[in-house]
Amino acid sequence: MSVTYTAVLDVKRSTAEHLARLLRDHRTGVKTRRGRRALSCFKQSVVILRWFFDGARLSQLARDNGLSASTAYRYLHEGLTVPAAGAPDLATALERAKAAGLTHLNLDGTVIRTDRVAAPGPGGADLWWSGKHKHHGENVQVISTPDGWPIWVSPVRPGREHDTTCARHHGLTDALDRTAAELGMPTLVDLGYENAGPGFRHPVKKPAGGELTEAQQTYNKVVRGIHSVCERANSLLKMTSKALRRVSLDPSRITKTAAAALVLLQLEYGRII
């Protein structure tokens, strides 16, 4: 005989209710008839939040709610699409940063682990294999405020790609260069973005066979010290949204997963920028 128990999800009720309202509006928009869904909007929101914040397996969520596996996946994919639609695009995120009068921005890439992707890349190497992290994954670029609060996440790129390559693909280098030139708001990065553009500030690389000057060493300490808080942004996304630690969905869904995670994180903490 199976055992039934009560559990509490460590998420604000207001977050679940807001997501339920988004789902309700979506159902209205697609003209879903009353009584045709196995779960109410609120119960569907709880399923989605359990997957995001508690890392619950989809098979468990289906069993708990009397759903088939295919229905559970359909509800989850819908639950990714709906909040992801509310994530800001790059222009909106930079406008909000301007309005907030931020002194600078932080940019850092993170690789989201996945076990369902592989494809040959240049030279036959696996395009999705991250040599740095030693696992398959997808690169997501994250822009954050000076105190490490994430305000924008990019679509995914193959884990094999360099951060600078990803940034250029997303148009980040041009956009952030303009932001620095027009607003005096530079973007702090690590050496993975070396020579990405004049709007970027990164540590000075030690020359081959040489040493950094005292002034360069001091500069590096300042830049690294200020930029180090950007790791908080990636940590917030991955620690709060346990689903981002390792995604077992179709990799094409990771873009929406990351965007939805940003929106849900902002809902949970009540902060946009």
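## Salt bridges

A salt bridge here is a side-chain nitrogen of Lys or Arg within 4 Å of a carboxyl oxygen of Asp or Glu. Counted that way, the structure has seven salt bridges.

R37 sits in the loop between α1 (13-29) and α2, while E78 belongs to helix α4 (residues 69-84), so the pair links distant parts of the chain, 41 residues apart. Helices (H or I, at least four residues) and strands (E, at least two) are DSSP runs, numbered from the N terminus.

## About the model

You are looking at a predicted model, in which local features need pLDDT of at least 70 and side-chain atom pairs count only at pLDDT 80 or more, while totals for chains, interfaces and linings use all residues. Residues are numbered from 1 along each chain as its sequence is written, and side-chain values use heavy atoms, with hydrogens and water left out.

## Where α2 meets α10

The axes of α2 (41-53) and helix α10 (residues 254-269) come within 12 Å and cross at roughly 100 degrees. That makes the two helices roughly perpendicular, a label for angles of 65 to 115 degrees. The axes are lines fitted to C-alpha atoms, for helices over the stretch in contact, and angles run from 0 to 180 degrees between N-to-C directions.

On the α2 side, L49, W51, F52 and F53 meet T257, A260, A261 and L264 of α10, where contact means heavy atoms within 4.5 Å. By class, these residues are seven nonpolar, one polar and no charged. Ala, Val, Leu, Ile, Met, Phe, Trp, Tyr, Cys and Pro count as nonpolar, Asp, Glu, Lys and Arg as charged, and the others, Gly among them, as polar.

A pocket is an open set of points on a 1 Å grid over the protein atoms alone, with protein on both sides within 12 Å along at least five of seven lines; lining residues have an atom within 4 Å of a point. Grid points are joined across faces, edges and corners, and a volume is the space filled by probe spheres set on the points.

The largest pocket has a volume of about 520 Å³. Its lining has 16 residues, with Y5, T6, A7, R50 and D64 closest to the centre. Helix α2 gives the most, five residues, and α3 (58-64) also gives two or more. The lining divides into eight nonpolar, four polar and four charged residues.

The second largest pocket has a volume of about 360 Å³. Among its 18 lining residues, G109, V111, K132, H133 and D163 lie nearest the centre. Strand β1 (105-114) provides the largest share, four residues, and α9 (231-240) supplies at least two. This lining has one nonpolar, ten polar and seven charged residues.

A cavity is a set of grid points where a 1.4 Å probe fits but cannot get out. There is one cavity of 30 Å³ or more, and the largest cavity holds about 60 Å³ of space. Its lining includes T110, V140, N234, K238 and A258. Helix α9 gives the most to this lining, with three residues, and β1 and β3 (135-144) each give two or more.

Technical notes
Parallel < 35°, antiparallel > 145°, perpendicular 65-115°, else oblique.
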